[in-house]
Amino acid sequence: MKLKLIVCGLLCAAGVVRAELPPETVRAIHEAHKDSVLMLSGTLKFQTQKLHEIEVSGPATVVDTNGLLITAVSTVRLPMSARKTEIRESTLKVKLPSGAELPVRVVLTDADLGAVLLAPENPAAVPAGAFQPVDWATAAQAQRLDPVVIVGRTEKAYGGLPDSAPGKINAVDRKPRLLYICALLASGDGEAAFDRAGRLLGIGLGAQTIVAAEELQDVIDQARRAAARNATQKPAADKE
Amino acid sequence: MKRYFGSMLLCCAAMLPFTSVPAVRAEVLPIRDDVDRAVNQMYKSLVRIMVVMESPRSGRLEKNLGAGSGAIISEDGYIITNHHVAGRGKRLICRMWDGEEVESRLVATDPLTDIAIVQLDLTKRKNREPLHVAKFGDSELLKVGDVVLAMGCPAAVSQSVTKGIVSNTQLMLPSFLGGDFREEGEAVGSVVRWIGHDAVIFPGNSGGPLVNLAGEIVGVNEIGLGSLGGAIPSAIAQDVAKQLIATGRVQRSWTGIEGQARPKNLGIERGVLVGGVLPDSPALAAGLQAGDVLVQYDGVAVDVRINEDLPAFNRLLLSTAVGKQVEVVVLRDGKELKLIFTTRVRGKAWADEVEFKEWGLVARNLTMIAAIERQRPDTNGVLVASVGLSSAVTDAKPAVYEGCIIVEVAGQPIHGVTDLRKVTHDQLQGVTGTKPVLVKFDAGKRRLLTVVKIGKEQKRPDVEPARKPGLSTELQALSPELAEALGLKGRSGALVTLVYRGHNAERAGLQQGDILLKLDGDAVKCERPEDVDDIYTQIRRYRIGKDIPLEILRGGRILTINLKLEEDLSTSEEREPYKDDVFDLTVEKLTELERIHRDIPADLKAVKIASIETGGWAQLAGIGGGDVLLAIDGTTTADAETAKKLLKQAAAAKAKRVVFFLRRGIHTFFAEVEPDWSNGNGAGRKKAGKL
């Protein structure tokens with residue numbers, strides 16, 4: 001009997017450290033955060049040596065209640081350079097949980113993180129409560145082999161519906177920044193990653209990499225300032 | 001001059017056993033006095049013409065700066081030059097023989113003969129001496145071998161003289177070499193047979209006189225063929241100049257006859273072969289046909305045996321009075337035939353260009369000639385002369401491109417640029433931003449429809465790059481060869497080439513010449529120049545404010561320095577550019593990195609001239625992009641905002657002169673800008689309208 005109890009105890013202990021999350025946990029995390037990852041779409045024309053036109057379609061995570069969004073460069077394929085990018089025309093929109101679409105614009109890019117930050121074109125037109133941001137205040141860290149839930153959106157072809165995928169942290173890179181490598185991450189770009197307790201770990205920014213939440217504060221602050229700067233500018237001289 | 005005499009004597013000496021000295025030796029060997037006399041007669045009439053001209057490029061009328069030469073031909077200050085020098089001039093400044101620069105204006109121009117007339121603004125001339133006026137000589141009297149002088153301003157230098165002989169009095173460009181020299185759609189060689197000479201000319205001589213030893217203008221230098229120059233004969237130039245001064249144009253007739261030299265093997269002994277008769281022309285209406293041989297035109301026997309005879313024939317036709325009834329006699333199938341027609345006015349090949357910023361194109365009206373060449377039934381429509389690479393018309397699908405003819409916009413027929421201007425204005429009434437309009441246009445024989453978003457594109461905020469940390473230092477790769485030369489064989493690292501003064505790297509104790517071995521515990525591998533960028537990229541992955549240890553090698557000792565990463569100077573500063581459209585320059589903040597590299601003290605109050613507009617007042621005053629602006633009219637330009645304020649004040653006051661104090665390298669200098677606040681220049685160019 002004692003031996004059976006010991007064996008059962010060992011088996012239970014083994015079950016506690018297994019990385020797979022039960023479906024109900026994944027579902028709960030999905031329900032709690034599905035409205036924090038929205039679908040971006042539209043076209044963007046930008047000027048470098050010549051005029052480029054790109055189509056945008058993909059998920060973006062809500063950063064704050066003002067509608068600041070973060071996504072990956074694979075979704076908004078702007079040139080990642082140290083110079084400002086001139087946008088000629090934009091029909092970018094984000095689809096809110098209510099179904100309404102709101103025009104947004106790109107405010108900042110981070111070539112090293114592969115991040116693109118967007119803000120509403122007209123902040124005054126944002127309905128109250130339209131945006132449900134992820135909770136940065138309770139963001140956590142993870143270790144190798146910890147389970148992770150990626151909350152995101154299906155591809156445009158499947159309607160951009162809220163979806164979630166469980167995964168596992170395969171590696172942790174701490175220098176120069178805290179990054180989680182999630183080898184089985186099929187997409188995840190622009191999507192939010194949560195731990196088993198539903199706490200934010202970071203944002204997927206390409207190459208099966210989740211950039212830890214704490215590493216994004218700096219670029220988020222810069223994006224807020226850039227958005228505020230351009231929002232308070234007088235209408236710029238018309239382009240000729 | 002001595003060398004010239006010496007070689008001539010040698011030539012003559014060599015010839016002595018074989019031939020006697022020619023009797024005309026005194027003419028063949030002009031002495032210095034003759035040349036001096038001619039130069040003295042002519043020199044003070046020479047001017048250098050600096051031109052700010054506009055040409056269509058990328059959908060805009062872009063300014064260019066050019067220079068040529070001219071000669072004063074009247075006491076009223078009229079100057080003869082080439083159309084390709086001054087014909088597109090918006091601003092003209094003539095530099096006189098004594099160095100004085102005088103504002104001038106374009107009076108009128110004739111692309112077909114490449115002659116233009118400019119006039120000095122004598123009210124602005126300081127020298128009160130009467131103008132030195134050049135005289136015309138008779139180009140018909142020139143013979144091969146005559147000594148001529150080419151006078152002008154090659155390469156925009158001050159007035160210069162070269163000497164040569166007349167090489168050819170019937171210079172033409174052979175058709176098998178590509179044919180005509182064209183100016184704005186006009187084949188100059190169809191009416192001009194140049195005087196070829198070997199007096200050296202160079203770009204900048206254009207428009208300058210070819211002078212005989214009597215000091216008279218016998219030609220206007222226009223083209224160069226290697227070392228051979230070509231001048232428009234004074235017989236043509238003087239006649240055109242008179243008409244341009246008197247009426248502002250050269251009135252020419254159109255017959256529709258295209259003559260050519262008699263073919264060798266058709267047994268035609270006299271006359272002009274009619275190579276073609278243009279559609280809808282008076283000659284066609286009268287029944288003239290290709291293949292006819294024209295033997296008499298308006299009572300004058302005509303003959304074009306060789307190509308060199310053609311310009312004179314063409315001039316005969318063109319100079320017929322407009323509306324005159326002309327009788328021609330032709331040979332057809334061996335019989336003489338008389339035909340009568342009435343000439344029509346010819347007009348120009350190309351109308352003036354007009355810029356349409358709202359469309360991103362430059363357009364012009366269709367002239368009669370342009371319409372006929374394009375086989376159009378009339379001159380309705382607007383010809384697109386130039387489009388912007390990334391503009392409203394090229395963004396449209398299908399795009400409107402050069403050579404297309406716009407015939408309708410938003411349901412309104414477009415007869416000419418005036419219509420296009422009006423419909424554009426009407427469509428954009430009360431519109432901020434752009435508006436899509438339906439456009440009907442012809443591309444060759446096809447009639448196409450498209451939608452063009454005309455108007456002023458609203459400037460959107462630029463996308464900013466994230467601010468990143470930097471090392472506040474600059475590095476060089478430590479190649480294996482360099483390492484060995486420094487006694488560090490086998491070592492890997494990066495050489496510190498510059499430490500930014502006043503920044504964290506300096507404060508941390510990093511010095512120029514240190515070798516960076518490790519960065520945050522990781523060995524630095526930097527053997528090739530491109531490896532340096534990898535180090536900068538690695539640093540950018542950190543956060544601003546992070547402390548990282550650096551291991552360095554200095555004087556044989558390994559040291560560790562702790563560096564707090566700060567914002568990379570190359571991206572940290574807003575430049576705050578201000579573009580001034582009056583003085584045609586852009587000023588911006590002098591960034592800290594620029595100050596470091598250019599060794600400009602941090603406490604020196606100055607801004608940078610980021611760029612200048614071609615042909616603008618700043619460029620004309622000698623200001624260049626990259627110059628450091630220290631003061632305007634004695635007031636220090638501490639920042640871009642101050643510079644902006646001072647420039648606006650000067651513009652509001654219509655200051656006669658504005659003095660810029662600048663620094664270029666280690667030198668400082670003053671540049672005096674004297675804007676012309678009137679709209680005097682470009683008076684010769686017509687406003688948009690149907691011809």
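This is a predicted model: local features need pLDDT of at least 70, side-chain atom pairs count only at pLDDT 80 or more; totals for chains, interfaces and linings use all residues.

Visitor: Where does B:Asp520 lie?

Guide: In the loop between strand S35 (515–519) and strand S36 (522–523) of chain B. Strands (E, at least two residues) and helices (H or I, at least four) are DSSP runs, numbered from the N terminus.

Visitor: Why is B:Asp298 called partly exposed?

Guide: B:Asp298 has 15 other C-beta atoms within 10 Å, so it is partly exposed. B:Asp298 lies in the loop between S19 and strand S20 (300–301) of chain B, and its phi is near 50 degrees, again a positive value in a residue other than glycine.

Visitor: Which residues of helix H7 in chain B are buried?

Guide: In H7 (residues 310–318), B:Leu310, B:Pro311, B:Phe313, B:Asn314 and B:Leu317 are buried.

Visitor: How do you know that they are on the same side of H7(B)?

Guide: They cover an arc of only 160 degrees around the axis, which puts them on the same side. That arc is taken from the directions from the helix axis to the C-beta atoms. In general, an α-helix has 3.6 residues a turn, so residues three or four places apart point the same way.

Visitor: What do the buried residues of H7(B) pack against?

Guide: Strand S16 (253–254), strand S17 (257–260), strand S18 (272–277) and strand S19 (293–297) of chain B.

Visitor: What makes two chains count as being in contact?

Guide: Two residues are in contact if their C-beta atoms, placed from the backbone, lie within 7 Å. Here 25 residues of chain B are in contact with 33 residues of chain A. On the chain B side, the elements giving two or more residues are strand S31 (464–465), helix H13 (529–540) and helix H14 (569–572). That side divides into 7 nonpolar, 5 polar and 13 charged residues. For those labels, Ala, Val, Leu, Ile, Met, Phe, Trp, Tyr, Cys and Pro count as nonpolar, Asp, Glu, Lys and Arg as charged, and the others, Gly among them, as polar.

Visitor: Why do strand S6 of chain A and S31(B) count as a pair?

Guide: Two strands pair if DSSP finds at least two bridges between them. S6 (residues 101–110) of chain A and S31(B) have 2 bridges, so they count as a pair, and they run parallel. A:Thr109 stands opposite B:Pro465 in S31(B).

Visitor: What makes S9 and S10 of chain A edge strands?

Guide: They belong to an open sheet of 7 strands in the order S9-S8-S12-S13-S14-S11-S10, with antiparallel pairing. Strand S9 (162–168) and strand S10 (171–173) each have a single partner strand, so one side of each is left without a neighbour in the sheet.

Visitor: How many bridges join strand S8 to strand S12 in chain A?

Guide: 3 bridges join S8 (residues 147–153) to S12 (residues 192–194), and the two run antiparallel. The bridge partner of A:Ile150 in S12(A) is A:Ala193.

Visitor: How many bridges do strands S1 and S2 of chain B have?

Guide: S1 (residues 46–57) and S2 (residues 60–72) pair in the antiparallel sense over 12 bridges. B:Glu54 has B:Lys63 in S2(B) as its bridge partner. Their hairpin has 2 residues between the strands, and B:Ser58 takes a positive phi near 55 degrees.

Note on methods
Residues are numbered from 1 along each chain as its sequence is written. Chains are lettered from A and ligands numbered from 1 in the order in which they are written. A residue is buried if 20 or more other C-beta atoms lie within 10 Å of its own, exposed if 12 or fewer, and partly exposed in between; C-beta atoms are placed from the backbone.
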